[in-house]
Amino acid sequence: MKKITDTIFYVGVNDRVTHLFERLWSLHRGVSYNSYVIADEKVAVVDTVEVAYASAFMQNIEKAAGGRPVDYLIVNHMEPDHSGSIAALRQRYPQMQIVGNAKTLQMIKGYYGICENLLEVSDGSTLSLGSETLTFYLAPMVHWPETMVTYGSVAKILFSGDAFGCFGALDGGVTDEELAFEDYYDEMVRYYACIVGKYGAPVQKALQRLAPLPIEIIAATHGPVWKRSIGKVVKVYDELSRYAAQRGAVVAYGSMYGNTAGLCEEIACRLREKGVEKIKIYDLSSADISEVLRDIFLYRGLVIASPTYNNELFPPVRELLEKISERTVKGRLFGFAGSYTWASAALKRFAEKAEKCGWETLPCSIEMKQSSLSVTDEQIDAFATAFSETL
Ligand code: FEO
């Protein structure tokens, strides 16, 4: 439990045990599930935590509320990492009213069978807690359709749900007065790319909607509470949701016996010689896909290479392309290299996918038959020159 203002307390928890967030995305430094108590004339809790941490969470609430009962639970987002302790909280405070929009309340019934003491709010609704008044803004698809954010106009605090969140447990503090934004930057981009990356347009819409509000504290559901870094955090989310990119290249390949890998090492060296300074190389059979996606959200260039496998792309390459297209990543330059032993297919499959997704592709590509003996230095040089000049 930690004081944020005189009446607002952090009551969230750190999870340093879970290895895969959503059973998909690696957690290198854990994750926090953030929740807040507003101890006004009425006591409100904003969001809950993953159910495994309900006991510690409940103790934090008791302390923050000074033993008073909870009057309201504000539910900004129903994904179970935040809604998982609703039933336990309800059991402890049976008179508590659960506040959510129509979609939220439907999900509360569906997930937890709770049908009573529900208070439905809509976009722009307000709720007075005494001194503080909360206003609710619907923010659909940031990250689920029921998502909303809650603004407290006295504390100028935005309870932002997943927006402005990041991976990484909170190491010995809660706010960015104690924790450096820079220490969480990579984890913020990785979190955005993996979790929110598909929803760039709704994030942009929400940013524009919230821009007129005076905000001094952003209290997201994951990561530090932002006070002094608000400008930086909003800039990161704005850039990522516009798919803005730096000059640089991700070189990602599949390689069964090292030939395609060797080709990619050569391409990367040439790219650097041609002035591409930021280059990240990933072997997709062993890379952490969340890191690959993080860097694809950061850099404009993407060189992808694949062997032909069962007349298709090598499976990890195909999976990466799916993840990119699911996230409707825009404004990237794709350069392709394909390899085969007896029947060429990889380059054709790359071209089909690029055309379907409307990706900008380099007119030249490289095709390798069997080994690097079939590829000339001039071909690699021409590819790297064209890539660097177009980047
Ligand atoms: Fe952290 Fe979409 O839940």
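The legends below describe close-up views of a predicted model.

View 1. The chain has 391 residues, of which 57% count as buried, and contains 12 helices together with 23 strands. Among the contacts in the chain with a separation of 6 or more, 71% are made by residues 24 or more positions apart.

**View 2. An open sheet of seven strands.** Read across the sheet, the order of the strands is β1-β2-β7-β8-β9-β10-β11, and the pairing is mixed. Strands β1 (2-3) and β11 (118-120) stand at the edges, and because each has a single partner strand, one side of each is left without a neighbour in the sheet. Within this sheet, strand β7 (residues 36-39) and strand β8 (residues 43-46) run antiparallel and are joined by four bridges. One of the residues to look for in this pair is A39, which stands opposite V43 in β8.

**View 3. Strand β17 and its parallel partners β19 and β18.** Strand β17 covers residues 246-253 and is mostly covered, with six of its eight residues buried. With strand β19 (residues 299-309), β17 pairs in the parallel sense over six bridges, and in this pairing Q246 has Y299 of β19 as its bridge partner. Strand β18 (residues 279-283) also runs parallel to β17, to which it is joined by five bridges, and here the bridge partner of V251 is I281 in β18.

**View 4. The largest pocket, with a lining that includes residues of β19.** About 360 Å³ of space lies in this pocket, and 18 residues line it, of which M256, P307, T308, Y340 and T341 lie nearest its centre. Helix α8 (259-273), strand β19 and strand β21 (333-340) each supply at least two residues of the lining, and the largest share, three residues, comes from β19, the strand that also pairs with β17 over six bridges.

**View 5. The largest cavity, lined in part by helix α6.** A search of the whole structure finds one cavity of 30 Å³ or more, and the largest cavity has a volume of about 70 Å³. The residues that line the largest cavity are A139, V142, V149, S160, A163, F164, V203, A206, L207, L210 and Y237. Helix α6 (residues 200-210) provides the largest share of this lining, namely four residues. The lining divides into 10 nonpolar residues and one polar residue, and no charged residue takes part in it.

Note on methods. Residues are numbered from 1 along each chain as its sequence is written. This is a predicted model: local features need pLDDT of at least 70, side-chain atom pairs count only at pLDDT 80 or more; totals for chains, interfaces and linings use all residues. Side-chain values use heavy atoms; hydrogens and water are left out. On a 1 Å grid over the protein atoms alone, a cavity is a set of points where a 1.4 Å probe fits but cannot get out, and a pocket is an open set with protein on both sides within 12 Å along at least five of seven lines; lining residues have an atom within 4 Å of a point. Grid points are joined across faces, edges and corners, and a volume is the space filled by probe spheres set on the points. Ala, Val, Leu, Ile, Met, Phe, Trp, Tyr, Cys and Pro count as nonpolar, Asp, Glu, Lys and Arg as charged, and the others, Gly among them, as polar. Buried means under 20% relative accessible area, exposed over 50%, partly exposed in between (1.4 Å probe, protein chains only). Contact means heavy atoms within 4.5 Å. Two strands pair if DSSP finds at least two bridges between them.
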